There are 2 protein chains.
Amino acid sequence: MDKRPTMSDVARLAGVHKATASRALNPATSGQVNPATARRILAVAKQLGYTPNTTARSLRTSRTLTVGVLIPDLTNPLFPPIVRGIENVLFPRGYTALVANTDNDAEREAAHFDTLLGRQVDGFILATGRRTHPLVQSAHDRGIATVLVNRGTDPPMFPLVTGDDTAGITAVVDHLAELGHRRIAHLAGPVTLSTGHARTKAYLNAVAAHGIPPSVVETSTYSAPAGFDAMRKVLDAADPLPTAVVAANDLIALGALRAIRAHGLSCPDDISLTGFNDMPFLDELSPPLTSVRVPQYELGTESARLLLEQMDGGPAVAKTLTLPVRLVLRGSTAPPSR
Amino acid sequence: MDKRPTMSDVARLAGVHKATASRALNPATSGQVNPATARRILAVAKQLGYTPNTTARSLRTSRTLTVGVLIPDLTNPLFPPIVRGIENVLFPRGYTALVANTDNDAEREAAHFDTLLGRQVDGFILATGRRTHPLVQSAHDRGIATVLVNRGTDPPMFPLVTGDDTAGITAVVDHLAELGHRRIAHLAGPVTLSTGHARTKAYLNAVAAHGIPPSVVETSTYSAPAGFDAMRKVLDAADPLPTAVVAANDLIALGALRAIRAHGLSCPDDISLTGFNDMPFLDELSPPLTSVRVPQYELGTESARLLLEQMDGGPAVAKTLTLPVRLVLRGSTAPPSR
DNA sequence: CTGAAAGCGCTTACAG
DNA sequence: CTGAAAGCGCTTACAG
């Protein structure tokens with residue numbers, strides 16, 4: 001394990017001062033250097049296998065070209081495409097994304113946040129928003145460039161990039177009403193999350209518009225087990241049973257599907273079911289799940305773009321960028337049989 | 001955006017030299033400091049909201065406490081649990097994982113590798129192995145602590161943590177043979193990957209042991225579209241058709257399932273089908289897919305542990321840690337009808 | 001166009 | 001137990 005060559009090594013071998021080597025090696029300043037000298041320096045650098053030490057540069061410039069990305073749960077298929085979108089915009093600009101999983105745990109999240117602060121990240125992209133969120137407040141107090149993706153805070157403090165929750169849920173309810181459903185229940189996401197809140201509100205407005213009585217069961221997390229539990233509550237309590245169920249996301253819908261089967265009922269014959277996000281392979285389910293396609297990758301790219309604006313010195317306006325969603329009809333929704 | 005407080009600020013306010021502040025703030029050296037003084041320094045640090053600048057520390061200690069993690073495709077459900085396993089072992093030890101997506105693209109991968117080298121990572125965990133892999137060679141030449149996960153190189157140069165490909169495929173073929181299948185095809189993963197290679201070899205040995213003639217179609221990538229194409233080739237060429245198909249992973253199996261349907265056939269009535277990895281929600285497919293469960297999370301934790309050993313000064317022995325797998329029987333496999 | 005110098009924020013051997 | 005000093009590998013205003 002040889003010691004890695006430094007800029008001084010390159011300079012010495014090229015017979016120049018390290019300041020000159022620095023200028024030659026940095027594309028932004030290489031114009032200041034005599035072309036022949038620059039070429040010689042580049043050649044030596046290549047020969048030595050020199051890579052600039054980003055750590056030293058960061059210390060000097062007080063910019064690390066890193067961005068902290070906090071994700072609640074990477075195994076939720078919603079998030080990997082967002083991460084890729086973020087990375088694909090950030091990387092060509094020289095930034096490295098420091099992705100951390102919080103497991104939906106406030107303590108882990110705070111620990112990661114502090115670590116990333118210590119690592120002097122130039123900005124944050126937070127997918128872990130809760131409507132009231134101490135970390136977002138903290139980032140705001142410190143004046144750190146930040147963008148929220150998917151989940152926002154109330155009141156908004158930073159730019160937010162999100163799918164159109166309201167339009168998506170409204171389209172779902174309209175579709176079910178059109179099929180003839182008059183008893184439509186909602187398995188809500190956690191109301192502590194802006195998405196859970198927004199989708200519930202949209203559901204309430206949409207059923208009201210159709211003169212349908214509301215029926216909401218809140219889940220504890222966006223997960224299949226939570227969906228299973230919530231659906232069981234619906235099946236145990238409701239009389240008569242709903243003929244359609246609007247789940248706040250696909251994972252909840254998958255859990256609900258299991259509960260419906262466990263209860264001896266079938267989808268869509270007894271109960272129509274819808275999800276949200278349109279995660280991969282819903283097509284292959286039995287039945288294929290009607291869902292709302294959210295442009296996940298674009299959620300990532302747009303949030304990265306907004307963060308770049310801020311890191312380039314733009315103001316942190318708490319604007320909301322809402323991306324369009326699309327209802328994807330599949331076999332899990334059908335006219336009611338009762 | 002106030003300037004963040006430095007150790008000198010803390011020292012000044014506490015009335016000590018910054019060296020003393022440094023000792024007090026570092027748990028490993030705080031024993032060298034008068035307890036009362038240390039307490040005062042800690043209090044000032046807290047009051048100022050001081051967080052040590054990891055960048056500066058790294059420059060001084062020439063350890064960044066970062067690990068580069070190269071993942072071929074984060075949207076392949078195999079990888080997120082691995083990443084979480086890695087993170088959950090590394091984070092408590094003070095390490096931050098720098099996760100990068102390579103999109104199965106050698107150029108992107110090299111670019112990320114160089115960036116991570118520039119960021120002075122203390123080690124690498126590579127899930128992007130190909131059997132011959134310039135980056136792995138490069139890491140080896142530079143003497144950088146490295147562990148391969150899931151995919152190895154030939155010859156081995158670093159520790160590898162992998163699921164038991166051979167046992168998994170053998171169990172699959174044995175199961176199909178037991179059901180009475182005598183025409184069993186294999187949709188192989190890319191042979192440039194150790195997993196594709198190992199699974200194909202296991203398939204060939206297993207069918208030979210049952211006196212079944214081999215039939216292999218190689219896919220270009222571990223993806224559903226590639227599985228679709230490969231299965232189409234089988235359906236177009238083979239006469240008679242196989243009664244069972246062993247796919248090299250779940251995504252390939254999903255693609256194959258689509259091709260089988262598109263061809264007017266049904267699974268498992270006409271063709272039994274198996275996957276590998278046991279990604280989430282295979283239970284909910286129609287039919288539920290028989291697969292081989294790989295302990296993905298443990299693949300991550302074990303590889304992180306092996307990396308920590310190396311970074312703590314242990315040798316980079318090219319040992320292979322093989323984790324046990326388990327055949328999970330579901331509805332996609334049944335006795336042959338013909 | 002190039003060099004000499006200062007300094008980013010830490011840590012750590014060396015004195016005392 | 002504490003301080004003074006050097007130095008990690010860069011960048012950049014300042015001279016020339």
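I began with DNA strand D and sorted the surface near it by class: nine nonpolar, 11 polar and five charged residues. I note here that the model is predicted.

**Entry 1: DNA strand D.** Which residues come nearest to this strand? I found Met7(A), Ala19(A), Ser22(A), Ala56(A) and Asn34(B), out of the 25 residues around DNA strand D. Next I looked up the helices. α2 and α4 of chain A, and α2 and α4 of chain B, each supply at least two residues of this surface. The largest share comes from α4(A), with five residues.

**Entry 2: DNA strand C.** I then turned to the other strand. I counted 25 residues surrounding DNA strand C. The closest are Asn34(A), Met7(B), Ala19(B), Ser22(B) and Ala56(B). Which helix gives the most to the surface near DNA strand C? I found α4(B), with five residues. At least two residues each come from α2 (18-25) and α4 (54-61) of chain A, and from α2 (18-25) and α4 (54-61) of chain B. By class I listed nine nonpolar, 11 polar and five charged residues near DNA strand C.

**Entry 3: where the chains touch.** I looked up the contacts between the chains. On chain A, 35 residues are in contact with 35 residues of chain B. In chain A, α4, α5 (79-90), β2 (96-101), α6 (106-118) and α11 (250-262) each supply at least two residues of the touching side. That side of chain A divides into 16 nonpolar, 14 polar and five charged residues.

**Entry 4: a sheet in chain B.** I traced six strands in an open sheet, in the order β2-β1-β3-β4-β5-β11, with parallel pairing. Why does one side of β2 (96-101) and of β11 (320-323) of chain B lack a neighbour in the sheet? Both stand at the edges, so each has a single partner strand. Neighbouring strands of the sheet are turned by 20° against each other on average, direction ignored.

I checked one pair more carefully. Four bridges join β1 (residues 66-71) to β3 (residues 123-126) in chain B. Val67(B) stands opposite Gly123(B) in β3(B). Helix α12 (residues 296-311) of chain B lies across β1, β3, β4 (145-149), β5 (160-163) and β11 of chain B. This helix runs at about 165° to β4(B).

**Entry 5: the core.** The largest nonpolar core has 175 residues. Those with the most contacts inside it are Val245(A), Ala256(A), Val69(B), Ile125(B) and Ala256(B). I followed Ala256(A) and set aside its neighbours within four places in sequence. Its contacts are Leu187(A), Gly227(A), Phe228(A), Met231(A), Val245(A), Ala247(A) and Leu273(A). As a general note, nonpolar side chains tend to be buried together in soluble globular proteins.

Notes: Residues numbered from 1 in each chain as written. Chains lettered and ligands numbered in written order. Predicted model: local features only at pLDDT ≥ 70, side-chain atom pairs only at ≥ 80, totals over all residues. Near = placed C-beta within 6 Å. Nonpolar A, V, L, I, M, F, W, Y, C, P; charged D, E, K, R; others polar. Pairing = 2+ DSSP bridges. Axes fitted to C-alpha atoms, helices over the stretch in contact; angles between N-to-C directions. Contact = placed C-beta atoms within 7 Å. Core = buried A, V, L, I, M, F, W, Y, C linked by C-beta atoms within 7 Å. Buried ≥ 20, exposed ≤ 12 C-beta atoms within 10 Å, placed from the backbone.
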